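Please open the model in a viewer and keep the sequence at hand.

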Amino acid sequence: MHDDPRGEDSGMSRAITAPRRAFFLLARPTEDTDQLPATIGEKDVFYSEEEAIDALDLHYAWCAVRTGGYDSVVTTAQWYLQSAMVGPRIPPALGEVYLAVQDGTTGDSWAVAGGFLTEGELIHWAPFVHAVKAFIPVAPATDAFGLAYRGDATVYFHQLWFSPMHSRRVYPKRIVVDEESTG
């Protein structure tokens, strides 16, 4: 099962207190991009690839039920399955770009997620970072992340809790509900 950052616990402990692999579904709309959010996908964090793919198919079907058919925004969206290492003191990925927060009392800056290859790649991963943040006990209370770069002497890099691993295109299956089974 997965944990839901909106507060619906599926039975697993919500807090991520040891390094582990996590998965996230990202859906980037390709239509009406000026009117839609950057992602229209799931906001859940999964702990197995199978759960994430199952959720993709269900989310896709739910969108069809909600709109009365397979809406073109949903069918043309680009869906990605992302994986990352999450938890305390994660080793960084190979990139040079990091998300960082500033401590409100000391003014110190701490890298919390990275290393991403480019700022553009970081944008692609930001929804996953925000979803995981709900489960990290040491995560800052702020949602105001800034950029940091490897080698910046003013940023601490030893407290990462998110390191991207892989992002690949996935394609949902259409689930057909038989009229007789619903009634």
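**A tour of the aromatic rings**

Begin by selecting Arg-169 and Tyr-80: the charged end of Arg-169 sits over the ring of Tyr-80, 5.9 Å from its centre. The model on display is a predicted one.

Next, select Arg-20 together with Tyr-47. Here the charged end of Arg-20 lies over the ring of Tyr-47, at 3.7 Å from the ring centre.

Now turn to contacts between rings. How many aromatic pairs does a search of the whole structure find? The search finds seven. For one of them, select Phe-24 and Phe-128: the ring centres are 5.0 Å apart and the planes meet at 10°, so this pair is stacked. Colouring by secondary structure places Phe-24 in strand β1 (residues 20-28) and Phe-128 in helix α3 (residues 119-133); the pair therefore ties together parts that are 104 residues apart in sequence. Both Phe-24 and Phe-128 are buried.

Proceed to Tyr-98 and Phe-157, an edge-to-face aromatic pair with 5.0 Å from centre to centre and 75° between the planes. Tyr-98 belongs to strand β3 (residues 97-102), while Phe-157 is in the loop between β6 (155-156) and β7 (162-170); the pair links distant parts of the chain, 59 residues apart. Phe-157, at 27% relative accessibility, counts as partly exposed.

How values were computed: Residues numbered from 1 in each chain as written. Predicted model: local features only at pLDDT ≥ 70, side-chain atom pairs only at ≥ 80, totals over all residues. Heavy atoms only, no water. Phe/Tyr/Trp six-rings, centres within 6.5 Å; stacked < 30°, edge-to-face > 60°. Helix = DSSP H or I, 4+ residues; strand = E, 2+ residues; numbered from the N terminus. Buried < 20%, exposed > 50% of the residue type's maximum accessible area, 1.4 Å probe, protein only. Lys NZ or Arg CZ within 6 Å of the ring centre and 35° of its normal.
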